[in-house]
Every structure is written in C-alpha cells, then in structure tokens.
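Please find below a briefing for a reader who is new to this structure. The sequence and the model are shown first, and the notes follow, grouped by topic.

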Amino acid sequence: MSSDQPKTVDLTALSAQQLADVKSQLEQELEHLSQSFQKLRAAQAKFKECIGTVEKTFKPENKGKSILVPLTSSLYVPGVIEDVEAVMVDIGTGYYVEKKPKDAIAFYENKVSTLQKNLVDLEAIVNGKMGNLRMVEEVLRQKVMSSAPNVA
C-alpha cells in the first residue's frame, strides 16, 4: 500500500462516541483553517494597500510634500518625501530593502498573486473538510436514530 494514499475509514463501523470525536476534531480543524483563511485574506489586503500607497505617493509631483510616516500601526511621524525614485520595502522578518517604485509594486503584486493561489488551495481543503464533516454528522445522526428506542 502506498504511503501517499489518504486513509479511508468506514464511518459506519465507528461507534457513536468515535463519530462524535471525529466530528469534534473536524470542527476544530475547520475553525483553524477558517482563521488561516482570514489571516491570508488580511495579508493580501495589506499588500494591495501597499501597491496603492506606492502608486499614489512615489510620483515626481509629490517630491518635497509632507507625509505621515507610520512607525507602528497607530504611531505616525511627520516627514517629507525627498526621493520619489526609491522606496523602502519590508521583505519580512524586519528586513527592508530599497527598491524603485515599479519594482516595489511588482514585489507586492507577486505577494498578492502567491496569496491568491494559497487561498484557492486552502478553500479546496476547507470544502473537503466540510464534506467530511457533513458525512460524519449524517452517519452519527443515523446511528443515534437507530439506537433510540422506538416509541409506539
């Protein structure tokens, strides 16, 4: 048997308690995956915002204009745009590189594209897990119904 084949379990062979445990595990996995999906969406929105900021800010007509520079998400300091031909880009883990505006936009567009692919992949996984959860719930419901005493 190949190790890269997914394991299949006959749900009807499981007890009601085992099915409840599987259901609980699937619900936890779905919660985690949903949170991951939201975080990826937020990151994608942030990168799109960066593209807009670079496009709007780094134009020749903005040289010498005042700007508020973010130090944190809630702390800004006043500054002046001195160089419209170079932008500092956060490439992750606290590292910054200087790029031309068009290269910064390309960098962020690549990030948005990569995140979009990850979102599509994650959505497929979530849909698969949701299908599994529905199957487990149906088998569990059938087991509970069949074990309930008939009231005549």
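**Briefing**

Glutamate 27 and lysine 23 both belong to helix α1, where four residues, about one turn of the helix, separate them. Helices (H or I, at least four residues) and strands (E, at least two) are DSSP runs, numbered from the N terminus. This is a predicted model, in which local features need pLDDT of at least 70 and side-chain atom pairs count only at pLDDT 80 or more, while totals for chains, interfaces and linings use all residues. Residues are numbered from 1 along each chain as its sequence is written, and side-chain values use heavy atoms, with hydrogens and water left out.

**Salt bridges**

- Side chains of opposite charge can pair when their charged atoms come close.
- The structure holds five salt bridges, each defined as a side-chain nitrogen of Lys or Arg within 4 Å of a carboxyl oxygen of Asp or Glu.
- One of them joins glutamate 27 to lysine 23, with the closest N and O atoms 3.0 Å apart.
- Aspartate 121 forms a salt bridge with lysine 117, and their closest N and O atoms are 2.8 Å apart.
- Because aspartate 121 and lysine 117 are four residues apart in helix α2, about one helical turn separates them.
- Aspartate 121 is partly exposed, at a relative accessible area of 36%, whereas lysine 117, at 52% relative accessibility, counts as exposed.
- Glutamate 138 forms a salt bridge with arginine 141, with 2.6 Å between the closest N and O atoms.
- Glutamate 138 and arginine 141 are three residues apart in helix α2, so they are separated by about one helical turn.
- Glutamate 138 is partly exposed at 32% relative accessibility, and arginine 141 is partly exposed with a relative accessible area of 43%.

**Nonpolar cores**

- A nonpolar core is a set of buried Ala, Val, Leu, Ile, Met, Phe, Trp, Tyr and Cys residues joined through side-chain atoms within 4.5 Å.
- The largest such core has 14 residues, of which Leu11, Leu19, Leu122, Val126 and Val136 touch the most other members.
- Helices α1 (16-57) and α2 (101-147) each supply at least two residues of this core, and the largest share, seven residues, comes from α2.
- Valine 136 is in contact (heavy atoms within 4.5 Å) with Leu11, Leu19, Val22, Lys23 and Leu26, leaving aside its neighbours within four places in sequence.
- A second, separate core of nine residues includes Val54, Val89, Phe107 and Tyr108.

**Aromatic pairs**

- The structure holds two aromatic pairs; rings of Phe, Tyr and Trp (its six-membered ring) pair if their centres lie within 6.5 Å, with planes under 30 degrees apart counted as stacked, over 60 as edge-to-face and the rest as tilted.
- Phenylalanine 107 and tyrosine 108 form an edge-to-face pair, at 5.4 Å centre to centre and with 70° between the planes.
- Phenylalanine 107 counts as buried at 18% relative accessibility, and tyrosine 108 is buried with a relative accessible area of 7%.
- Ring pairs link Phe47, Phe107 and Tyr108 into a cluster.

**Strands**

- Strands β1 (residues 66-70) and β2 (residues 76-80) pair in the antiparallel sense over five bridges; pairing requires that DSSP finds at least two bridges between two strands.
- A hairpin of five residues joins β1 to β2, and isoleucine 67 stands opposite glycine 79 in β2.

Technical notes:
Buried < 20%, exposed > 50% of the residue type's maximum accessible area, 1.4 Å probe, protein only.
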